Amino acid sequence: MAETPPVPRRPSGELEASVLAALWAAEGPLSAAEVQSALGGQLARTTITTILTRLHGKGAVSRSRAGRGFAYSPIQDSAGLTARRMRSELDKQDDRGAALARFVSQLTREDEQLLRALLAGDDTPEGSEGPRPGPGAASGSY
């Protein structure tokens with residue numbers, strides 16, 4: 001009897017990123033069923049509820065009562081969430097200077113110029129589109 005190959009696992013954080021993308025694209029709070037629908041109905045509602053509960057526990061989404069369940073909203077846009085992740089990782093370091101130096105040393109030339117402009121007080125430096133909310137920037141786990 002031939003064995004069926006295992007289903008490949010999704011990359012870490014892909015479901016959270018997809019759920020956040022659905023919430024960012026929405027015009028208001030969404031229930032788990034609405035998120036499920038927005039994602040094409042491929043995932044079980046219990047899976048969506050688990051992801052939303054985890055995101056709520058991490059402080060990435062807020063929730064309010066909606067009937068017998070909850071409706072969820074993102075707390076920050078994509079750029080804000082990325083900044084929060086970066087800050088969280090920096091806060092874990094004993095040697096903040098070394099962590100920042102390593103980060104800066106790995107920037108592209110364009111990102112270095114952007115960072116310099118931001119540090120100089122230019123809120124929207126040349127070549128920057130400013131803050132961009134939306135689903136495209138969510139990658140990795142929160």
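This report describes the fold, surface, ring contacts and confidence of a predicted protein model.

## Fold and contacts

The protein contains six helices and two strands, and, read from the N terminus, its elements follow the order α-α-α-β-β-α-α-α. Among contacts in the protein with a separation of 6 or more, 52% are made by residues 24 or more positions apart.

## Burial and surface

Of the 142 residues in the protein, 25% count as buried. The accessible surface of the protein comes to about 10,100 Å², and carbon and sulfur atoms contribute 51% of that area.

## Aromatic rings and charges

Two arginines lie over the face of the ring of phenylalanine 70: arginine 63 is placed at 4.1 Å from the ring centre, while arginine 65 is placed at 4.4 Å from the ring centre.

## Confidence

The mean pLDDT of the protein is 85, with 78% of its residues reaching 70 or more. Among the elements, helix 2, which covers residues 32-38, has the highest mean pLDDT at 97, whereas helix 4, which covers residues 78-91, has the lowest at 91.

Over residues 130-141 the pLDDT stays under 50, and for this stretch the model has 23 contacts beyond four places in sequence. Where pLDDT is low, predicted coordinates should not be read in detail.

Terms used
Residues numbered from 1 in each chain as written. Predicted model: local features only at pLDDT ≥ 70, side-chain atom pairs only at ≥ 80, totals over all residues. Heavy atoms only, no water. Lys NZ or Arg CZ within 6 Å of the ring centre and 35° of its normal. Helix = DSSP H or I, 4+ residues; strand = E, 2+ residues; numbered from the N terminus. Buried < 20%, exposed > 50% of the residue type's maximum accessible area, 1.4 Å probe, protein only. Contact = heavy atoms within 4.5 Å. Areas by Shrake-Rupley, 256 points an atom, 1.4 Å probe, with all protein chains shown as cover. pLDDT = per-residue confidence, 0-100.
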